[in-house]
Amino acid sequence: MNIIDRETPIPIYHQLAELLKKEIKRMPAHKRFYTEKQLSDKYDISRHTSIKVVHELENEGLLYRQQGKGTFVRDQEVEAKKYNILLFVAEMTAELPPEISYIHSELVGGVIDELSKKHNATVSTIPQGVDETLFCIDRIQDPAIDGVILMAYKNLKSLVTIARRCGKPYVLLNVKCDEKYAQSNNVLTNESQGMCDAVKYLYGLGHRNIAFLGNERNTLFLLNRKQGYMNGIIECGISDSHIFDFFPENPKYSFNELFKINPGVTGIVVANDEIAFELMNYCKMHDISVPDQLSIVGFNDATIAHLTQPKLTTFRKKRHEMGVLAVHKMLNMLESGSLSIENTYIPAELIIRGSTAEAPGGIFNTTKSINMEKEVLNISE
């Protein structure tokens, strides 16, 4: 039955997408699809959710939109034109941390795997020591290139400008910055929603004193994650929020301040796995049991998340899926003739491991913990 189950933990957005995919398979090609309002009325959901799902189905190649006419079911049987897509990636050097190389390889792998099914992928690195502008203009202007997928790069803004001037469709992949050019045609992880879900996950385990710990530098991704934490606090109806800064040059001071100011904390949502790793080492040194006394959730599912004892509960970015979706986004632009579409966000995946458990009474409720509190106070002074 085409019914949204509001009791299940599966988000309404995902339920609706799966229902509509099944319905689309039964619909004839080029049949006009529901309007967002019709979907909202039929399934008793918000207009925002309807719009989001329809855009997702367009990006997956199941629907197409005609300006001024509506949205239609795409013909899945027609042999599509083979496109030649150029993927620009920064040159991998020995100076890059292994984690960055791994992130790039997952994103690139998703793009190449998806393009290789029906289309052609041309991967071009931007070598050091060349005139980057001329190098990029030469490749983007190549008549054989139908579109360009761009990843994070120090001169990315100039590459976007070049693509626009050449009239070539472009898609940004995992480009996190607050400049105007990154506010469209971008495929990103919904980091804010991930942090919100982390709070709700801990809340579901009985935690009511949940803190956020992040780097003191207010980068765009950190601001998004902070906002996600605040959204989670509000959605759970928790009265107090607790946001703390992590100072990389003095981790011990950072943790001392956290436990000094909020001694009753039972759950901490951490901005990334590296900080979570430092926090878990601190807890081990100070006899704070994870997860019996304190639950910790990280973000990124970095290699280091597997090295903690216990292993770290964290959120994994679906980078390969992001690469796949970037291809769908590009193909939709090429077939629809649109050169500018809104950003697409992919939810992060919660990976539950050993660093989280049901809430205790607080880490400073036993005699041993009270002594720990005094130690923290003395250190910070």
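Here are a few notes on the packing in this predicted model.

1. A word on conventions: residues are numbered from 1 along each chain as its sequence is written, and side-chain values use heavy atoms, without hydrogens or water. In this predicted model, local features need pLDDT of at least 70 and side-chain atom pairs count only at pLDDT 80 or more, while totals for chains, interfaces and linings use all residues.

2. Start with the largest nonpolar core, which has 24 residues (buried Ala, Val, Leu, Ile, Met, Phe, Trp, Tyr and Cys joined through side-chain atoms within 4.5 Å; buried means under 20% relative accessible area, with a 1.4 Å probe and protein chains only). Ile149, Leu173 and Val187 have the most contacts inside this core. Helix H11 (319–336) is among the elements giving two or more residues, and its share, eight residues, is the largest. Helices (H or I, at least four residues) and strands (E, at least two) are DSSP runs, numbered from the N terminus.

3. Have a look at Val187 too: leaving aside neighbours within four places in sequence, its contacts (heavy atoms within 4.5 Å) include Leu173, Met322, Leu325 and Ile346.

4. A second, separate core has 22 residues, including Ala211, Ile268, Ile275 and Cys283.

5. In helix H6 (residues 156–166), the buried residues include Leu156, Leu159 and Ala163. Just after H6, Gly167 has a positive phi of about 70°.

Key: Buried < 20%, exposed > 50% of the residue type's maximum accessible area, 1.4 Å probe, protein only.
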